[in-house]
Amino acid sequence: MGVLKEIFKGFWNLLIGLKTTAKYLPTRAVTLQYPTERWPMPERSRGVVVLLTDSETGELNCNACLVCMRQCPVSAITVTQAKNEKGERYPETFTIDNTICCFCGICEEVCNFDGIKLTGKYEFSTFNKADLFYDKHKLQSLGRDVPYEKKKKPKPAPKPAAPVTDPNSDSGPKTNDSAEDKA
C-alpha cells in the first residue's frame with residue numbers, strides 16, 4: 001500500500017509542476033541583453049560607496065571627522081585627517097576596502113556632512129583584488145555624477161515639562177486631587 005501511495009504522490013507532484021509550466025508557457029520571456037540593457041535599480045539600492053563633492057566649489061563634503069570609520073562594522077574605511085591653512089580638517093587619505101565592505105549603509109547614515117553615499121552602481125567587479133581598494137580620488141570621481149540632497153536634520157524632540165511643585169509642601173509634585181475628590 002505504501003508503494004502505491006508514493007507513486008500517486010510523485011504523479012501528483014508532476015501534475016503540479018506541469019500546471020506551473022503551462023501557466024507561464026504562453027507569456028513572453030523576460031530577458032535583457034545585459035551589456036546594452038540593464039534593470040533599473042531601486043531608489044535606495046546599495047551599490048558602491050562614493051564621496052560627494054559640493055557642486056559649487058568642487059571640494060569634498062567630507063571634513064574627516066572619522067565617524068564613518070569608527071562606525072563601520074567591518075573596518076572597511078580608513079581615513080587620515082589633516083588641516084589646511086585655515087585650520088579646517090580635510091581627509092588626507094580616504095580608502096574603502098570593497099573586499100570586506102558589507103554595504104550596510106551605516107557610514108551614510110552617520111555622516112553629518114553629506115560626504116559619503118551608497119549609490120546604485122553595482123558593476124565594479126574585477127580580476128585583480130587590489131583594484132577593489134578605492135582611494136579618495138577614485139571615490140570622488142565615482143561620486144561626481146551622483147545627485148544628492150542635503151539631509152534634513154530631524155528636530156530634537158521637545159523635553160517633557162517638569163512637574164509643578166508646591167513650594168509650601170514637602171510632599172513633592174503638586175496634584176489636583178483633593179481630599180473631597182477621594183471621598
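A residue is called buried when its relative accessible area is under 20%, exposed when that area is over 50%, and partly exposed in between, as computed with a 1.4 Å probe on protein chains only. The model described here is predicted, so that local features need pLDDT of at least 70 and side-chain atom pairs count only at pLDDT 80 or more, whereas totals for chains, interfaces and linings use all residues. Residues are numbered from 1 along each chain as its sequence is written, and side-chain values use heavy atoms, with hydrogens and water left out.

Helices (H or I, at least four residues) and strands (E, at least two) are taken as DSSP runs and numbered from the N terminus, and two strands pair if DSSP finds at least two bridges between them. On these terms, 3 strands form an open antiparallel sheet in the order β2-β3-β5, with β2 (77-83) and β5 (133-134) as the edge strands, each of which pairs on one side only. Between β2 and β3 (residues 89-97) there are 7 bridges, and Lys83 stands opposite Arg89 in β3. Helix α4 (residues 136-143) lies across β3 and β5 and runs at about 85° to β3, where axes are lines fitted to C-alpha atoms, for helices over the stretch in contact, and angles run from 0 to 180 degrees between N-to-C directions.

A nonpolar core is a set of buried Ala, Val, Leu, Ile, Met, Phe, Trp, Tyr and Cys residues joined through side-chain atoms within 4.5 Å. The largest such core has 24 residues, and those with the most contacts inside it are Ile77, Phe94, Ile96 and Ile116. At least two residues of this core come from each of β1 (49-51), β2, β3 and β4 (116-118), and β1 supplies the largest share, 3 residues. With contact meaning heavy atoms within 4.5 Å, and residues up to four places away in sequence not counted, Phe94 touches residues including Leu51, Ile77, Ile116, Tyr134 and Leu139.

Salt bridges, defined by a side-chain nitrogen of Lys or Arg within 4 Å of a carboxyl oxygen of Asp or Glu, number 2. In one of them, Glu123 meets Arg38 at 2.8 Å, N to O, and this pair links the loop between β4 and β5 to the loop between α1 (2-24) and β1, 85 residues apart. Glu123 counts as partly exposed because its relative accessibility is 43%, and Arg38 counts as partly exposed at 44%. Asp145 and Lys121 also meet in a salt bridge, at 3.1 Å, N to O; Asp145 lies in the loop between α4 and α5 (179-182) and Lys121 in the loop between β4 and β5, so the pair ties together parts that are 24 residues apart in sequence. Asp145 is exposed, with a relative accessible area of 56%, whereas Lys121 is partly exposed at 29%.
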